[in-house]
Amino acid sequence: MNIAGTNHRAIEPISSLQHVKILDQTKLPHTVEWRVLTSIHDVAEAISVMRVRGAPLIGASAAFGLFFGVRDNASDEGLQKAYDLLFATRPTAVNLRWGLDRVRLAIEALAPEQRATAAWLEACRVSDEDVAANEALGRNGLDLLRNLTRRTDRLEIMTHCNAGWLATVDWGTALAPIYKAHDSGVAIHVWVSETRPRGQGSALTCWELKEHGVPHTLIADNNAGHLLQRGLVDACIVGADRVSSRGDVANKIGTYMKALAAKAHDVPFFVAMPFSTIDWNVEDGIKDIPIEQRDAKEVTHLAGLPVAPVGTSARNDAFDVTPSTLVTAFITERGVFTPKELSTFCPW
Ligand code: MRU
């Protein structure tokens, strides 16, 4: 990722100390603040309060978190306790489980004294593989965008939430094809919805698009249907927190409404994600993907100030599920697939 012209990752291992450095996303867009995490509790806190967020970044952070846990207690019991602590931090993004399973599988057959070193190496691998997967899906998405450019002078893409560098170790998912397109000279402009209640669109996506120099315009969430109806959007591209085996997509609250409006106006709706975001154990995403409920205060308040009468009750579903029938195609590191094609990869 490109911050003031310098390349970074959203999580960076400090190998000499076996610590990690994260960009604290609760401080953006106004302050760029790096934070060093040195314990499992630091990682669990960073995931829970969303200093790190976005499904792939949660997975990579959890992998390092499990290293810290095992460094402090490498027994079978210690490993299980560390796994459970991290697993409880956020329920919807399946990459969390994926990152933890990768590390657990790499170390559980080893003697306790060998586990910490192996866990560190596996967490670094998880991190590197996320970068490679997102870079590859960016390339696959670029081909798709190039086809769309044949119909228009400047490509108009709508996204939701933040599925860019900040949501992954690097590159992003929904934004990876956009960066690739912009870098290769395709004229492209992004409609960014603010993504209330937490504002990942306004605070994070606008910030990273600006750092990279990609033209973009911020809209209120309620503006999306209007733009789609007026023909001002060539395609929607969003990320995912969990994709079921039949292609239902859990993503940030508000994604479903955009998918419905896109369908109504014949605008293609793409979901970009690495395979680590697929949960082959869940078929019916609407029924079986757990939806995180967050603090009502995120809805009743904005930047710490109340926007509703004191005592107003509020509901805060952090994610919704878009049925596979509304998804045109998935952009992945292995290629671009319709929901039906994607389901053929199911290992069982
Ligand atoms: O609650 P968040 O900010 O972690 O939600 C993030 C999203 O919904 C992203 O769209 C999703 O994780 C895909 S990230 C590449």
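Helices, as runs of at least four residues, and strands, as runs of at least two, are taken from DSSP and numbered from the N terminus. In these terms, D266 of the predicted model is found in the loop between α9 (255–264) and β12 (269–272). The backbone of D266 has a phi near 60°, a positive value in a residue other than glycine. Most residues other than glycine have a negative phi, and most peptide bonds are trans.

The bond from L28 to P29 is cis, with omega near 10°, and P29 lies in the loop that runs between β4 (19–23) and β5 (34–37). A cis peptide bond likewise joins R196 and P197, where omega is about 10°; P197 has its place in the loop between β7 (188–193) and α7 (200–212).

The shell comprises 19 residues, of which R53, R90, Q200, N251 and K252 come nearest to the ligand. When the shell is sorted by class, 8 residues are nonpolar, 7 are polar and 4 are charged.

For R90, one of the residues that come nearest, a polar side-chain atom lies 2.8 Å from a ligand oxygen. In the side chain of D241, an N or O atom is 2.9 Å from an oxygen atom of the ligand. For N251, which also belongs to the nearest group, the corresponding distance between a polar side-chain atom and an oxygen atom of the ligand is 2.7 Å. Taken alone, the ligand exposes 420 Å², and the protein buries 100% of that area. The elements that give two or more residues to the shell are α2 (55–72) and β11 (249–252). As to the space that the ligand takes up, this is the largest cavity.

Key
Residues are numbered from 1 along each chain as its sequence is written. This is a predicted model: local features need pLDDT of at least 70, side-chain atom pairs count only at pLDDT 80 or more; totals for chains, interfaces and linings use all residues. Side-chain values use heavy atoms; hydrogens and water are left out. A residue is near a molecule or strand if one of its heavy atoms lies within 4 Å of it. A polar contact is a pair of N or O atoms within 3.5 Å; within protein, one must be able to donate a hydrogen and the other to accept it, and residues adjacent in sequence count only if both atoms are side-chain atoms. Accessible areas come from the Shrake-Rupley method with a 1.4 Å probe; for residues, only the protein chains shown count as cover. On a 1 Å grid over the protein atoms alone, a cavity is a set of points where a 1.4 Å probe fits but cannot get out, and a pocket is an open set with protein on both sides within 12 Å along at least five of seven lines; lining residues have an atom within 4 Å of a point. A molecule sits in a cavity or pocket if more than half of its atoms lie within 2 Å of its grid points. Ala, Val, Leu, Ile, Met, Phe, Trp, Tyr, Cys and Pro count as nonpolar, Asp, Glu, Lys and Arg as charged, and the others, Gly among them, as polar.
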